[in-house]
Amino acid sequence: MCFAPIPSMAPFLSRRINDTAAPHCVAGRGIRGGLCRRCRVTGQASQRVARLIVVFRADPTGRYEWLPPRRSTDVTVVVDEIATADLADRHPFRVERLQRWDERIACEHRIDELVGAVKAHPAVTGITHSDHLLIDFVGYRLRLEVSRLLRGWTLASEWPGSRELVCDPATPAALVMGARAGLELEPVASPYSVPTAPRGAHRALPRG
Amino acid sequence: MMRIIAATSPQERVRVAVVVAGRMYAALASLSSKDLHAAGVGVMPFPGLDRGDGLLLALRRRLPVLTAFGFRRPGPGPAVRLPRQLDLVSEPRLDRALAIIVARLLIGAASELDRAVRIIGGLIRTLSLQALLLPNSGNNISQLLTEWAHDRELRVGVIQSDPYTLREYGAGDRLADVVLGWGEGAAEQARDWRTPRPTVVPVGIPGISAIPFRTPTLALRRAVIATSHAAESPMDPAGSPGAFMEAVIPGLQRLAAAGVKLELRHLGENPECYVRMLHAHGLDVRAICGASLSVSVIGADLLISSMSSVAFEAAALGAPILVWLGPAPKSIREEHLVDPWARSGIPGTFDTADDLLALIDDLVERPARGFQVAYTLSRELAHYAQPFDKARFAAALLDLGS
């Protein structure tokens, strides 16, 4: 059985390539080294982001001891918006603002499509236990992990020229792996642990 | 200990097996032993769902404990071997990362599935069983239990654990046969769920009691700001705490200038970051830690919240509230969210900092008008969330097991 690969996520998960303004690129935001997807295509920018730093959770102490000393070429992205104020001197980007709402909706559907494709993959449909499909058993967690993977990929795809990824220790492994994939780094370098079942988390895990 | 209690427990009259966790404990604990025995309730301990609350309740109410567990040590479960690439995504590195994630998830869950299957195996002996009642159906074990029950033509009930927001998804609760919902409005919210839809029986919010009527206040002395944690779903309408804070800070500054005491109630996580952010804006805000919502809200003159469960619980308590509608534009809310969020122009809701400032100006300068709006929103949301009605819950339990 042969599956048609799901097409590139780029049109669904990141800014439209043909946007006339790319606010995160060198020209638009004055970020030294930023190289957006559009600029990469058109060759408008010459500098690259050296380091992409992902802040997943605001630090209650406000110290963020894991953060490396600031460099002018860093791009800092915050997932937990509350960290934005703490890190104002780094001029962080808020991950929520990387996608328009129509793109977020498309992303939700894309997550469902990808989860559905995984569930239908012949390599997993044969794994059963007492008539229960193992892939169905992990269905909720799979959706969460795919969501994280694509979120990491999306944010990394905004700064594809980054040569280094620095993630908050609280960042879920799937998000790190997605970001590494987006930066064309080898994903297996990321540690991965199986997440525990979320407690009644149906707000975070909408059903397809 | 669980095994000894279960082995000596009279299981032959159990008609409704209940996994006691979360709000379920508060719901069941509100009923007398007589009511619970009349409904044929038995406690079903289930590792992964139940953290010991079930046994506590069984001892207190002398309820049967089901032998829903298997061997002490689960086996390894099914073997998992996946290819290096799944060829589902055209970017090879992303596809490789996906393959790793899927493989690790499956490997990690294999023994968990084995354990769950063994636990469920114990239920086969309970021949009188008519239904399962689960704390929610939004996780893998609940789904497994639901499938198991439906295969045996048993009914499945769940207790609503959060307000419903997204129209097209409707939460895992839709897999159940009966949802014991928070309010009459929950049935309307469930109308867009895909068929077959469960029956929604409103019983109120477990743990939220009707409080004695208090004369609505017209003096704003103390306001509580309720924040919630960030969510990971791209569409989650409540998942932007930073945007919420930006929307409320100017209004809070107006309140502080009017001499109103401000308190912060943060759900689940450490509130320090929020307090720090508010202090940076010149706001002297005290964090309320460990108090129940009822304790937080009773005595406050106003609650300002995002569209989280806190807003609904406060509405069930009859507290005056102002609610931020989230960062999604109106068109997105109308298309993808359920009522009341999909409706525009509900008094007391706000999108922007300016919207909230206008509401707060009324509260400070024209309190009769301002509080009328806040109480109107409270009554509006109370349609979706009412105080717990133990008589209705007892009747629903009886019906579930009949």
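1. The side chains of A:D74 and A:R51 are joined by a polar contact of 2.8 Å, a polar contact being a pair of N or O atoms within 3.5 Å, where within protein one must be able to donate a hydrogen and the other to accept it, and residues adjacent in sequence count only if both atoms are side-chain atoms. A polar atom of the A:D74 side chain also lies 3.0 Å from the backbone nitrogen of A:R71.

2. This is a predicted model, in which local features need pLDDT of at least 70 and side-chain atom pairs count only at pLDDT 80 or more, while totals for chains, interfaces and linings use all residues. Side-chain values use heavy atoms, with hydrogens and water left out, residues are numbered from 1 along each chain as its sequence is written, and chains are lettered from A and ligands numbered from 1 in the order in which they are written.

3. A:D74 sits in strand β2 (residues 74-78) of chain A, strands (E, at least two residues) and helices (H or I, at least four) being DSSP runs numbered from the N terminus. A:D74 is buried, with a relative accessible area of 9%; buried means under 20%, exposed over 50% and partly exposed in between (1.4 Å probe, protein chains only).

4. In helix α15 (residues 390-400) of chain B, the buried residues are B:F393, B:A394, B:A396, B:L397 and B:L400. They cover an arc of only 160 degrees around the axis, which puts them on the same side of α15(B), the arc being that of the directions from the helix axis to the C-beta atoms.
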